[in-house]
Amino acid sequence: MNAPPEMSALAYYLLWLVAGLLVVALLSAGLTGRLQRRVQRGGEALQMLDALSRYAVWAAAQHRNLAFELQRNVPDAALGEAQVLQLRSFPDLQAPMEDLLAVDRRLSEFLRDQQRLRLRDPEAWLDSDFELEHEQLWRSHQAAVAALSLRLQEDVGSPTPVEHGPV
């Protein structure tokens, strides 16, 4: 019987070179995928911060102008976009998003009630203490947006603070 031929030194080194290249290729693919996910997540975080900013600008406009004309299209679209991004990419931010949605519901109800009262009975509207209640809702709104933005920045490692609209 013939013994199996011995592997030459060149074939031995080539085999190890190919094995090493395969390991490097696998590691490179893993790192590239991880970096792509991180970049995508950062982009989604910026989109979510943009949506929160648009929503905060609307709320700031309502705060400055208590004799408002209630228009929900801007905040609904912006807040809806932020909520979709949160659900899809940031499930760990569900609690702060729910807090913001609860404040938004209270603020919307307050604005609708004030609009109705103002149109139905302007004198009663002026006599009501709408400024105090609106101020409390405004502060709750600012705190909810700030908390969500801060958590989002911490989650993606963003070092820059975000403006939440004019005061």
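Here are some notes on this predicted model, point by point.

1. Let's start with the inside. The largest nonpolar core holds 32 residues, and Met48, Tyr55, Met97, Leu100, Leu148 and Leu152 have the most contacts within it. Helices H1, H2 (73-89), H3 (94-120) and H5 (130-156) each put in at least two residues. H1 gives the largest share of this core, with 10 residues.

2. Leaving aside residues up to four places away in sequence, Leu148 touches Met48, Leu52, Leu93, Pro96, Met97 and Leu100. Leu148 is also one of the buried residues of H5.

3. On to H5 as a whole. This helix has 27 residues and spans 39 Å from first C-alpha to last, close to the 39 Å expected at 1.5 Å a residue. Just past the end of H5, Gly157 takes a positive phi of about 75 degrees.

4. Now the charges. Searching the whole structure turns up 5 salt bridges. One of them joins the side chains of Arg54 and Glu81, at 2.7 Å from N to O. This pair ties together distant parts of the chain, with Arg54 in H1 and Glu81 in H2, 27 residues apart. Asp50 belongs here too: Asp50, Arg54 and Glu81 form a network of salt bridges. Arg54 counts as partly exposed because its relative accessibility is 32%, and Glu81 gets the same label at 31%.

5. Two other bridges stay within a helix. In H3, Asp113 and Arg116 sit 3 residues apart, about one turn, and their side chains meet at 3.1 Å, N to O. In H5, Glu135 and Arg139 are 4 residues apart, again about one turn, and they meet at 3.1 Å, N to O. The spacing makes sense: an α-helix has 3.6 residues a turn, so residues three or four places apart point the same way.

6. How exposed are the residues of these two pairs? Asp113 is partly exposed, at 43% relative accessible area, and Arg116 is partly exposed at 46%.

7. Met7, Tyr12, Tyr13, Leu15 and Trp16 make a nonpolar surface patch of about 640 Å². Met7 lies in the segment before H1 (9-64) and is exposed, with a relative accessible area of 52%.

Notes: Residues numbered from 1 in each chain as written. Predicted model: local features only at pLDDT ≥ 70, side-chain atom pairs only at ≥ 80, totals over all residues. Heavy atoms only, no water. Patch = residues over 30% accessible without salt bridge, like charges linked within 9 Å, V, L, I, M, F, W, Y side chains within 5 Å. Areas by Shrake-Rupley, 256 points an atom, 1.4 Å probe, with all protein chains shown as cover. Salt bridge = Lys/Arg side-chain N within 4 Å of Asp/Glu carboxyl O. Buried < 20%, exposed > 50% of the residue type's maximum accessible area, 1.4 Å probe, protein only. Core = buried A, V, L, I, M, F, W, Y, C linked by side-chain atoms within 4.5 Å. Contact = heavy atoms within 4.5 Å. Expected span 1.5 Å × (residues − 1).
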